Amino acid sequence: MKTPQPARYHSGSYAWFRAAAEHGDPYAQFNLALLYRASDLLAPDPPSAYYWMERAACQGLAFAQNHLGVMLYTGEGVEASDEQAVRWFRAAALQGEVAAQQNLGMMYRNGRGVLANAEVALAWFFRAAEQGSARAQGLLGAAYLYGEGVAVDELLALAWLRKAAMRNDARAQLHLGVMYQQGRAVAADAAQAVAWWRQAAAQQLAMAQRMLGLAYAEGTGVAADAARAYAWLRRAAVQDDSEAQFNLGVLLAQGRGVQQDEVQACVWYRCAATDGHMLAQYNLACMYAGGHGVARDAVQARALYQQAAEQGLAQAQYNLAVMYEQGLGGAPSAAMARLWYRCAAQQGQTQARQHLARQGQSERRSGTSAGATQRCRRSPVARRQPGLYV
């Protein structure tokens with residue numbers, strides 16, 4: 001969401017704008033609202049800023065309508081309302097206000113205040129992109145790259161992303177790097193991918209920092225450098241990027257690029273696991289099961305294996321089955337053990353298949369049945385990253 005920059009005015013501005021605003025001048029009302037929002041002259045006063053911004057917006061001033069939409073979206077000086085934000089973004093967008101067109105597209109893309117509609121979002125991004133908005137150009141390029149609201153068209157994606165990236169749009173630089181990494185509409189070039197990620201990372205984009213860190217960790221497009229990998233992953237991790245938090249935990253657990261520190265590894269695994277990161281849940285479970293970096297705790301281990309197993313991780317499903325079978329971290333349950341052994345076996349987990357084969361032989365000898373099969377969630381394909389398991 002695009003937000004305005006702090007306004008700077010001389011000492012006589014407030015009195016002039018106030019007098020003109022009270023006489024109904026919409027431009028004075030707009031500028032007075034900006035003074036109340038952020039300036040060197042006045043202490044921030046969000047309710048007054050909202051009052052004057054609304055008066056200017058009601059007179060049809062497109063800039064004010066867009067700013068009013070932002071204030072309603074963020075709850076600045078008024079109770080937040082996505083529906084009202086959409087109303088004002090649309091009013092400004094129909095007047096050709098480029099930031100409002102971009103903001104309205106974001107509301108449709110994310111389903112905020114309106115039903116999500118990728119096609120309508122794309123239409124608004126296109127209008128803003130045609131007017132020269134680098135951010136909208138990047139959003140349009142990403143839509144063509146991933147098929148959001150339109151059929152995938154890698155050549156159009158490349159054209160729009162390159163245009164935005166050259167104007168220093170960080171997310172466009174990130175996606176352009178992905179295109180070079182994967183060889184989409186261009187010859188695969190890991191060094192070019194790294195070059196674009198480095199530009200985006202310098203703008204504090206967490207995903208780009210993570211991609212740059214992984215490139216250094218794996219030596220793709222750049223000489224392997226574990227210390228730099230750790231530094232870039234940590235920058236992304238402190239911005240709550242769960243993938244970076246997971247990978248940072250791996251580096252700390254293994255002592256790659258930094259002194260081995262299992263306690264801190266657990267801290268980062270926990271951050272990512274709390275955000276639902278499947279592999280972090282598994283690795284943290286292993287730490288609790290083995291007493292690495294934390295006190296041994298079978299109850300915690302079982303709970304974390306359960307979370308990862310329910311997301312489809314085969315190794316977690318097998319370990320959870322063992323814990324149910326042996327009564328580790330809770331009451332034993334032969335039925336739950338069989339369920340999770342089957343889930344893991346369906347994904348090709350060797351130990352689970354061997355266990356079920358032995359169990360089947362035993363059941364045939366005793367004349368018992370293993371029961372009905374269970375549909376299990378399969379693990380999603382994981383992106384290539386260092387250290388799947390500890």
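His277 sits in the loop that joins helix 15 (262-274) to helix 16 (278-290). The model is predicted. Is His277 buried or exposed? His277 has a relative accessible area of 9%. That is under the 20% cut-off, so His277 counts as buried.

The side chain of His277 has two polar partners to look at. One is the side chain of Glu243, at 3.3 Å. Another is the backbone nitrogen of Leu279, at 3.4 Å. Leaving out residues up to four places away in sequence, His277 touches Ser242, Glu243, Phe246, Ala272 and Gln311.

Next comes helix 18, residues 314-326. Its 13 residues reach 19 Å from first C-alpha to last, close to the expected 18 Å. The helix is mostly covered, with 11 of 13 residues buried. Among them are Ala314, Tyr318, Ala321 and Val322. Just after helix 18, Gly327 takes a positive phi of about 70°.

Tyr341 belongs to helix 19 (residues 334-346). Which residues of the chain does Tyr341 touch, not counting those up to four places away in sequence? They are Tyr318, Ala321, Val322, Glu325, Ala352, His355 and Leu356. The C-alpha atoms of Tyr341 and Ala314 are separated by 9.1 Å, though the two residues are 27 residues apart along the chain.

Both featured side chains are buried, as the table lists.

| Residue | Relative accessible area |
|---|---|
| His277 | 9% |
| Tyr341 | 3% |

Methods:
Residues numbered from 1 in each chain as written. Predicted model: local features only at pLDDT ≥ 70, side-chain atom pairs only at ≥ 80, totals over all residues. Heavy atoms only, no water. Helix = DSSP H or I, 4+ residues; strand = E, 2+ residues; numbered from the N terminus. Expected span 1.5 Å × (residues − 1). Buried < 20%, exposed > 50% of the residue type's maximum accessible area, 1.4 Å probe, protein only. Polar contact = N/O pair within 3.5 Å; in protein donor to acceptor, adjacent residues only side chain to side chain. Contact = heavy atoms within 4.5 Å.
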